[in-house]
Amino acid sequence: LGNQISSALANMSNSTIINEETIDTLLKEVGNALSRADVSLKLIIQMRKNIKEQLKLDAMAAGLNKRRIIKKVVFDELIKLLDPGVAPWKPTKGKSNIIMFVGLQGAGKTTSVTKLASFYKRKGWATAMVCADTFRAGAFDQLKHNATKAKIPFYGSDTDRDPVAVAKKGVDIFKKDGAEIIIVDTSGRHKQEEELFKEMKEIETVVKPDNVIFVMDSSIGQAAFDQATAFKNSVSVGSVIITKMDGNSKGGGAISAVAATKSPIIFIGTGEHIPDLDLFDASSFVSKLLGMGDVKGMMNMIADVVPKDTKALEEIASGKFTFRNMKQQFLQILNLGPIDKFVQMMPGMSNIPQLQGDAGNLKLKAYINILDSMSDGELDGKHQITPQRILRIARGSGRHPREVAELVEQKKAFEKMFSKGPGLQNLANMAKGGV
Ligand code: GDP
Ligand code: MG
């Protein structure tokens with residue numbers, strides 16, 4: 001999918017004139033690619049309409065880079081397809097939040113249950129896992145093994161074959177224990193069978209989950225929409241996890257899963273191990289889908305709107321990224337108005353909730369205040385930012401030391417991004433006036 005879309009975009013970029021026809025051709029190619037990736041026809045038609053609407057060519061001011069604008073509109077529309085318009089479910093403090101996992105066998109449920117439980121545990125929630133998969137031999141052993149490794153309390157049974165009874169018992173025990181997050185793993189089947197859906201409904205009835213997470217293997221391709229629909233029709237799916245994104249799949253089926261379940265993707269699985277769970281970020285996802293990669297997408301966008309500060313870029317491209325560079329970038333971004341888009345594209349920043357929406361601009365201002373309180377030596381990277389320095393900077397800027405530390409982390413993330421690979425290459429090109 002990604003390749004098809006990016007080659008459609010590349011074709012457009014290479015064509016010398018941009019007119020209605022070029023755009024129609026592009027939209028047809030993008031639409032075909034999406035349809036081959038199981039996005040429903042209805043969505044594609046809607047998307048094409050939206051794009052055309054936004055691309056009132058005549059209205060585009062002369063001198064703007066039309067190709068860039070078109071790319072950005074396609075990008076934004078894909079992001080829209082990934083947004084079901086409902087906020088992701090969040091657990092509530094002071095109660096037992098029950099999360100039920102559903103999905104076909106092999107989708108990655110048990111693995112993701114453990115990953116999610118560890119995620120919440122790391123955040124300080126009292127977490128527990130329940131194995132209601134009595135269908136597959138060895139299911140309980142697998143969960144037990146995972147739970148032990150992650151040091152998370154678990155419940156299951158080697159002898160009781162009634163998944164509904166086991167689920168209920170486990171949930172009751174942990175509720176009494178005062179667990180704040182109770183995750184119920186269920187069984188799958190190889191196919192979407194009536195029997196499986198009946199079992200899911202029964203478990204849902206007794207455990208009364210606050211959230212049902214549908215787990216989907218990213219490589220299932222064509223089947224995504226139907227599969228997600230089948231689960232949505234039997235239980236009240238509220239969130240989606242897409243697994244095995246570390247494999248070859250670009251994950252185009254994810255768009256179908258969102259459309260079918262009308263639920264947000266909350267995480268993606270990126271490996272077999274417990275830490276291999278990433279918060280879902282629509283921008284990076286679409287970047288990957290379009291074969292752009294985060295950094296490149298971000299650079300292109302910055303290049304579009306930020307006047308080229310060649311000296312700063314050369315400096316960064318030479319491998320030196322300082323707090324001073326960071327401050328310059330922040331000031332430029334702030335000058336552009338709403339910063340959502342940028343934040344979404346910045347590796348390491350897109351996961352900070354405080355940076356989304358209007359709050360983002362405030363946060364950026366706070367960061368700039370903090371940078372204002374740094375000495376020249378600190379700005380130019382002549383000193384390590386020690387805890388003592390963090391405290392001093394915090395006092396000077398009137399911000400919390402935690403926020404100063406957060407900014408230092410951000411800088412490290414930028415540094416990492418600029419230190420190698422496409423980021424550096426892009427910057428080098430930008431500095432040369434290329435892109
Ligand atoms: P379940 O049947 O839905 O419970 O699926 P499992 O959790 O048992 O996972 C099935 C297989 O997929 C196992 O071999 C897992 O290690 C593997 N797996 C699950 N999630 C991921 C992932 O994000 N990446 C990779 N590479 N493998 C995964
Ligand atoms: Mg399992």
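Visitor: Which helix gives the most to the shell around ligand 1?

Guide: Helix 5 (residues 109-122) does, with three residues. Helices here are DSSP runs of H or I, at least four residues, numbered from the N terminus. This is a predicted model: local features need pLDDT of at least 70, side-chain atom pairs count only at pLDDT 80 or more, and totals for chains, interfaces and linings use all residues. Residues are numbered from 1 along each chain as its sequence is written, while chains are lettered from A and ligands numbered from 1 in the order in which they are written.

Visitor: Which residues come nearest to ligand 1?

Guide: A residue is near a molecule if its C-beta atom, placed from the backbone, lies within 6 Å of it. Among the 18 residues around ligand 1, the nearest are Gly108, Lys109, Thr110, Thr111 and Gly269.

Visitor: Is helix 10 buried or exposed?

Guide: A residue is buried if 20 or more other C-beta atoms lie within 10 Å of its own, exposed if 12 or fewer, and partly exposed in between, with C-beta atoms placed from the backbone. In helix 10 (residues 253-261), nine of the nine residues are buried, so the rest of the structure largely encloses this helix. Just after helix 10, lysine 262 takes a positive phi of about 50°.

Visitor: How do I read the packing of two helices?

Guide: Packed helices are described by the angle between their axes and the distance between the axes. Axes are lines fitted to C-alpha atoms over the stretch in contact, and angles run from 0 to 180 degrees between N-to-C directions. Helix 9 (residues 224-234) and helix 10 pack at about 30°, with their axes 8 Å apart.

Methods
Helix = DSSP H or I, 4+ residues; strand = E, 2+ residues; numbered from the N terminus.
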